[in-house]
Amino acid sequence: MVTDEQLRKKRIYVALLAVGCLIGGAVLAAFPGHEGFQGALIRCGILLGAFWLVLPTKDRPAAWKGVSSSWILIGGLVAAIAIPRARAMFPLIAVIIGIAWFARPRK
């Protein structure tokens, strides 16, 4: 079991890493030729910042503790993987949803 002190330290480490990555990316903006590394640092900083936001504190549990069902979590993961790959299918899916919406039985 992780103690409150360990959680506090982990939260601080993640915040420091996020800020360090963002500052590093901002510093590299002044030097041309390092765009790839700059972009990687900024993306990692943003991701670590988002991770820092969902970490538990003394007053609230971790954000993923609020997920009521494992099916919601699995469905979210499948959607996150499938949706970017299925962009060409969006018009077809929209048409099917529209037809289903108007063809549904009325009360």
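Modeller: What follows is a set of questions and answers about this structure, which is a predicted model.

Biologist: What share of the residues in the protein is buried?

Modeller: A residue counts as buried when its relative accessible area is under 20%. In this predicted model the protein has 107 residues, and the share of them that is buried comes to 11%.

Biologist: How far does helix α1 reach from its first C-alpha to its last?

Modeller: Helix α1 runs over residues 4-28, which makes 25 residues. At 1.5 Å a residue the expected reach is 36 Å, and the value computed from the model is close to that, at 36 Å.

Biologist: Which helix is included in what covers the buried residues of α1?

Modeller: The buried residues of α1 are R11, V14, A18, C21, G25 and L28. In general, an α-helix has 3.6 residues a turn, so residues three or four places apart point the same way. What covers the buried residues of α1 includes the helix of residues 35-54, which is α2.

Biologist: Is R11 buried, partly exposed or exposed?

Modeller: R11 is found in helix α1, and, leaving aside its neighbours within four places in sequence, R11 is in contact with W52, L53, L55, P56, T57 and R60. Its relative accessible area is 16%, and because this is under the 20% cut-off, R11 counts as buried.

Biologist: How far apart in space are G49 and V19, C-alpha to C-alpha?

Modeller: G49 is found in helix α2 and is partly exposed, with a relative accessible area of 22%. Along the sequence G49 and V19 are 30 residues apart, whereas in space their C-alpha atoms are separated by 7.9 Å.

Biologist: Which helix gives the largest share of the nonpolar patch?

Modeller: The patch on the surface is formed by I83, M89, F90, L92, I93, I96 and I97, which together have about 630 Å² of accessible area. One of these residues, I93, counts as partly exposed because its relative accessibility is 37%, and I93 lies in helix α4. The largest share of the patch, five residues, comes from the helix of residues 90-103, namely α4.

Methods:
Residues numbered from 1 in each chain as written. Predicted model: local features only at pLDDT ≥ 70, side-chain atom pairs only at ≥ 80, totals over all residues. Heavy atoms only, no water. Helix = DSSP H or I, 4+ residues; strand = E, 2+ residues; numbered from the N terminus. Expected span 1.5 Å × (residues − 1). Buried < 20%, exposed > 50% of the residue type's maximum accessible area, 1.4 Å probe, protein only. Contact = heavy atoms within 4.5 Å. Patch = residues over 30% accessible without salt bridge, like charges linked within 9 Å, V, L, I, M, F, W, Y side chains within 5 Å. Areas by Shrake-Rupley, 256 points an atom, 1.4 Å probe, with all protein chains shown as cover. Salt bridge = Lys/Arg side-chain N within 4 Å of Asp/Glu carboxyl O.
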